[in-house]
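Thanks for coming, everyone. I have one structure for you today. Let me put it on the screen.

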Amino acid sequence: MPLYVLIYAVAVFFFNNVSLYFTKRLINNAVRTIIEAVYMSNEDFEKLMRILIIEDEKRIASFIDKGLRSEGYVTTIAHDGESGLLLACDQEFDLILIDILLPKLDGMEVLKKVRDCRPAVPVIMLTAKDELELKVSSFDYGASDYITKPFAFEELTARIRAHLRRKDQVNANIMRAGELSLNLAKREVEYQGNRIALTSREFALLEYLVRHQNQIVNRMQILNHVWGYEFDPESNIVDVYIRYLRQKIGLSKDKPLIETVRGAGYRVVTD
């Protein structure tokens, strides 16, 4: 047998088997991904971090998309400012990446409008321009971070993880009960979008009630946790401060939020 025929035969054998190996591997990976998606619980699916990529250069968008998916993120791509803004405002994302030079709507305009509809979501700006003025403008318009192209993918993912950690920490400091929200770090209260000014004792009382929302807490429990042992158990101080809270928050009989349970105590009602 001529040598070139032997080499050709070996090459064909090698190619077919290697191709078959990688094809099988690709199919196995695809099947495994589908099975995981099908059997993934709603709770697990909701835990996945969703990232919106607004990038007009398809090669870069694909590079970021594949890398983030391999890290376990769920990604969505928009190739122009208008469609990106629509997605950002219509859907829930944990983080948004925005290129500054975008067709149809400039990245800075997208950023400003995103801040109107999604004031809390972290936004990282992507740009090939490493200019101080552009960076300052980005932060002034509400950007959380700024990264210059070309960048190492490891740096991008590190920045994303850092911002998602901060977002989790902020969420951990927010307590909600219906339309009422308490920011424990800033000691701020909002009801139906309106900021409510409370004294430190009023805030402590409201926080205790919200922590036990839909549960009845009696006056003695409230005295022990909010006032300690500074007051006589027969004191009506709890009733007085409950009245203060209702007045400041603007509650009425039609909006009971803080409910009096006769002979038992109080509870914050959200059910």
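First, a term: helices (H or I, at least four residues) and strands (E, at least two) are DSSP runs, numbered from the N terminus. With that in hand, look just after helix H9, where glycine 228 takes a positive phi of about 75°.

Now the ground rules. This is a predicted model, so local features need pLDDT of at least 70 and side-chain atom pairs count only at pLDDT 80 or more, while totals for chains, interfaces and linings use all residues. Residues are numbered from 1 along each chain as its sequence is written, and side-chain values use heavy atoms, with hydrogens and water left out.

The overall picture comes next. The protein has 10 helices and 11 strands. Of its 271 residues, 36% count as buried. Buried means under 20% relative accessible area, exposed means over 50%, and partly exposed is in between (1.4 Å probe, protein chains only). Contact means heavy atoms within 4.5 Å. Take the contacts with a separation of 6 or more: residues 24 or more positions apart account for 56% of them.

Let's start with helix H4, residues 81–90. Which residues of H4 are buried? They are Gly81, Gly84, Leu85, Leu87 and Ala88. They cover an arc of only 165° around the axis, which puts them on the same side of H4. The arc is that of the directions from the helix axis to the C-beta atoms. Leu86 and Asp90, on the other side of H4, are exposed.

The N-terminal end of H4 is capped by aspartate 80. One of its side-chain oxygens lies 3.1 Å from the backbone nitrogen of glutamate 82. Serine 83 also sits in H4. With a relative accessible area of 26%, serine 83 is partly exposed.

On to strand E3, which holds aspartate 99. Is aspartate 99 buried or exposed? It counts as buried, at 4% relative accessibility. Its side chain makes a polar contact of 3.1 Å with the side chain of lysine 149. A polar contact is a pair of N or O atoms within 3.5 Å; within protein, one must be able to donate a hydrogen and the other to accept it, and residues adjacent in sequence count only if both atoms are side-chain atoms. Set aside the neighbours within four places in sequence, and aspartate 99 touches Ile54, Glu55, Asp56, Gly107, Leu126, Thr127 and Lys149.

Stay with lysine 149. The peptide bond from lysine 149 to proline 150 is cis, with omega near -10°. Proline 150 lies in the loop between strand E5 (145–148) and helix H7 (153–172).

Now two backbone points to check. Glutamine 192 is not a glycine, yet its phi is positive, near 55°. It sits in the loop between strand E8 (188–191) and strand E9 (194–196). At 38% relative accessibility, glutamine 192 is partly exposed. Asparagine 214 is not a glycine either, and has a positive phi of about 65°. Its place is in the loop between H8 and H9. At 28% relative accessibility, asparagine 214 counts as partly exposed.

That brings us to the helix pair. Two packed helices are described by the angle between their axes and the distance between the axes. Helix H8 (residues 200–211) and helix H9 (residues 219–227) pack at about 130°, with their axes 10 Å apart. Axes are lines fitted to C-alpha atoms, for helices over the stretch in contact, and angles run from 0 to 180 degrees between N-to-C directions. H8 and H9 are therefore oblique to each other. Under 35 degrees counts as roughly parallel, over 145 as roughly antiparallel, 65 to 115 as roughly perpendicular, and the rest as oblique. On the H8 side, the contact is made by Arg201, Ala204, Leu205, Tyr208 and Leu209; on the H9 side, by Gln221, Ile222, His225, Val226 and Trp227.

Last, H9 itself. Its buried residues include Ile222, Leu223, Val226 and Trp227. They cover an arc of only 100° around the axis, which puts them on the same side of H9. Their cover includes H8, helix H10 (237–249) and strand E11 (265–268). Asparagine 218 caps the N-terminal end of H9, with a side-chain oxygen 3.1 Å from the backbone nitrogen of methionine 220.
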